[in-house]
Amino acid sequence: MNNFVFQNPTKLVFGKGEIAKLSTLLPKDKRILVTFGGGSVKRNGVYDQVVAALEGFDYLEFWGIEPNPKVETLRKAVEVCKRENIGFLLAVGGGSTLDGTKLIASAAVIEEDAWELVLNPKLQCGNIPFASVMTLPATGSEMNRGCVISNLATGEKFAFYNAYPTFSILDPTTTYTLPSFQRACGLADTFIHVIEQYLTYTGESPLMDRWAEGVLQTIVEIAPKVLNVSENDYDTMASFMLSATMGLNGFVAMGVSQDWATHRIGHELTALCGITHGQTLVVVLPGVMNELRDQKAGKILQYGERVWGITEGSAQERIDRTISATEQFFRSLGLATRLSELGVGEDVVEEIVSRFRTRGTRLGEALNIDYALTDRILRQRL
């Protein structure tokens, strides 16, 4: 097991009706900026619950944080924070709303531009405290310090790391109105978050392996029910929501090596083509597994046995079957697994490879995924 330091200060408030607790969790002596996405919280009743809980508080609203939040929009919120003396931020919505809020919280206390902060985290010098009401299980942003920010002008998308939310409220009933595609992408995102922290080396931590496998097995088990939008199944959606949180709050990462190549490559597909994040991941992951099948052989075999029950055949046959089972699971979610299905061709592959070559990008647990290997990964997914 590798050395590690673990601390997660976020208070998780989970369950039906818990949005009402905002009135006791928010600071009464600070002006609050409540950030929102495109309006789904008004259609699903979350907005009304938040407004009721905020009675008596001094707060403003900021609307319009997009999926894959764009720095162009976030700059406007930063200006509001500075002009209106905002002392606390509350993100209400999905992971993108919270991701954007994390950058707002840091950019509002510096003189430099928000995108400069993304490119140079050394500019960070504190942040406005923030919290969330999460309505979309997927990103795990509600209990970690990471976010991913897009730049419309440059066509780039990069990760940024801020502080943790002081608290996050998760009410599974807020997920009932999510359409099938969003549910599917959330399942895929959660699954691959765990895979990125798990599918590296064998023997680093048996405990973390079992914890990660438990989340993976849970996602596979509940996926058919999660996709059934006609039935409001509280227990299933609660398991989905908690799986998304536990998949990326640092718990399964303690003392183990991590990969994140699938995410980094997927970010480029989103930045260049506007493809939903979870959808990009299911295209890329089978290519990463296949190209690194020798390096990851031990862990792929373990994953195949423990998650998919694949125990027969030679090692190479079991690896083939495990990769196939993974791709077929994504197919069962109704997601595309090939670039051509998404209208992405060789020109996009060439642009991603060129970017990685220029940046000197090296990915994966062994930092051996360079631009040339990225090219091979993506071309087999066309």
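In this predicted model, Arg-31 is partly exposed, with a relative accessible area of 25%. The partner of Arg-31 is Asp-58: the two residues form a salt bridge in which the closest N and O atoms are 3.3 Å apart.

In general, side chains of opposite charge can pair when their charged atoms come close.

A further salt bridge joins the side chains of Glu-213 and Arg-306, with an N to O distance of 3.2 Å. Because Glu-213 lies in helix 8 (residues 206-226) and Arg-306 in helix 12 (residues 297-308), the pair ties together parts that are 93 residues apart in sequence. Arg-306, by contrast, is partly exposed, with a relative accessible area of 29%.

Salt bridges can also share partners. Glu-156, Glu-268, Glu-351, Arg-355 and Arg-359 are joined in this way into one network. Within this group, the side chains of Glu-156 and Arg-359 meet in a salt bridge at 3.9 Å, N to O. That pair links distant parts of the chain, since Glu-156 is in strand 7 (residues 156-161) and Arg-359 is in helix 14 (residues 346-359), 203 residues apart. Arg-359 is partly exposed, its relative accessible area being 32%.

Helix 14 is also the place of Val-348. Is Val-348 buried or exposed? Val-348 counts as buried, at 14% relative accessibility. Apart from its neighbours within four places in sequence, Val-348 is in contact with Leu-269, Leu-272 and Cys-273. A reference point elsewhere in the chain is Gly-64, which is 284 residues from Val-348 along the chain. The C-alpha atoms of these two residues are separated by 28 Å.

How values were computed
Residues are numbered from 1 along each chain as its sequence is written. This is a predicted model: local features need pLDDT of at least 70, side-chain atom pairs count only at pLDDT 80 or more; totals for chains, interfaces and linings use all residues. Side-chain values use heavy atoms; hydrogens and water are left out. A salt bridge is a side-chain nitrogen of Lys or Arg within 4 Å of a carboxyl oxygen of Asp or Glu. Buried means under 20% relative accessible area, exposed over 50%, partly exposed in between (1.4 Å probe, protein chains only). Helices (H or I, at least four residues) and strands (E, at least two) are DSSP runs, numbered from the N terminus. Contact means heavy atoms within 4.5 Å.
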